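Me: I would like to learn how to read a few features of a protein model. Can we go through them one at a time?

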Amino acid sequence: MPRRAAAAELASTRLQLAPHAVVLRVPAGSLALLAAARAGTPLPPLGTDDEAVLAVRDGDGATLEPLDPALATLLETAATPQPRTTLCALARRLGAAPEEDAEIVDGLAADGLLA
């Protein structure tokens, strides 16, 4: 495939959040509370603000990890299929350097979070 055609195909690719992943908005401190409950240690209070958490199904369970607000916005936008170029532009608006936007989006795809 000629280079120009490959670039055009990549630019028109639509990506969305993978079906095994979801961005959750939970009270701040929820992950710390869960960790303390699992460890049997005193439970910390929950905050009044929300924080974004990425939940990813893996086998019989799920992993939960905190998300940077900009990354949460990018992944929430991808809850519906978006052109790759739209996600790259959003990454730039959220603070990515122009040379990093595609790297971020392609990295999320390589990690299986965008499909």
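Reply: Start with accessibility: a residue is buried under 20% relative accessible area, exposed over 50%, and partly exposed in between (1.4 Å probe, protein chains only). Arg 92 has 37% relative accessibility and so counts as partly exposed. This is a predicted model, where local features need pLDDT of at least 70 and side-chain atom pairs count only at pLDDT 80 or more, while totals for chains, interfaces and linings use all residues. Residues are numbered from 1 along each chain as its sequence is written, and side-chain values use heavy atoms, with hydrogens and water left out.

Me: Which residue forms a salt bridge with Arg 92?

Reply: A salt bridge is a side-chain nitrogen of Lys or Arg within 4 Å of a carboxyl oxygen of Asp or Glu. Here Arg 92 pairs with Asp 101, and their closest N and O atoms are 1.9 Å apart. Asp 101 is buried, at 7% relative accessibility.

Me: How many salt bridges does the structure hold?

Reply: There are 3. One of them joins Arg 25 and Glu 76, with the closest N and O atoms 2.9 Å apart. Arg 25 is in strand β2 and Glu 76 in helix α3, so this pair ties together parts 51 residues apart in sequence. Helices (H or I, at least four residues) and strands (E, at least two) are DSSP runs, numbered from the N terminus. Arg 25 is partly exposed at 44% relative accessible area, and Glu 76 is partly exposed at 32%.

Me: Where do Asp 106 and Arg 84 lie?

Reply: Asp 106 lies in helix α5 (residues 101–110) and Arg 84 in helix α4 (residues 84–93), so their pair links parts 22 residues apart in sequence. The closest N and O atoms of this salt bridge are 2.9 Å apart. Arg 84 is buried at 10% relative accessibility, whereas Asp 106 is partly exposed at 32%.

Me: In what order do the strands of the sheet come?

Reply: Two strands pair if DSSP finds at least two bridges between them. The open sheet has 3 strands in the order β2-β3-β4, with antiparallel pairing. β2 (21–27) and β4 (61–66) are at the edges with a single partner strand each, so one side of each has no neighbour in the sheet. β2 and β3 (residues 50–58) pair over 7 bridges. Pro 27 has Asp 50 in β3 as its bridge partner.

Me: Which strands does helix α2 lie across?

Reply: Contact means heavy atoms within 4.5 Å. Axes are lines fitted to C-alpha atoms, for helices over the stretch in contact, and angles run from 0 to 180 degrees between N-to-C directions. Helix α2 (residues 30–39) lies across β2, β3 and β4, at about 130 degrees to β4.
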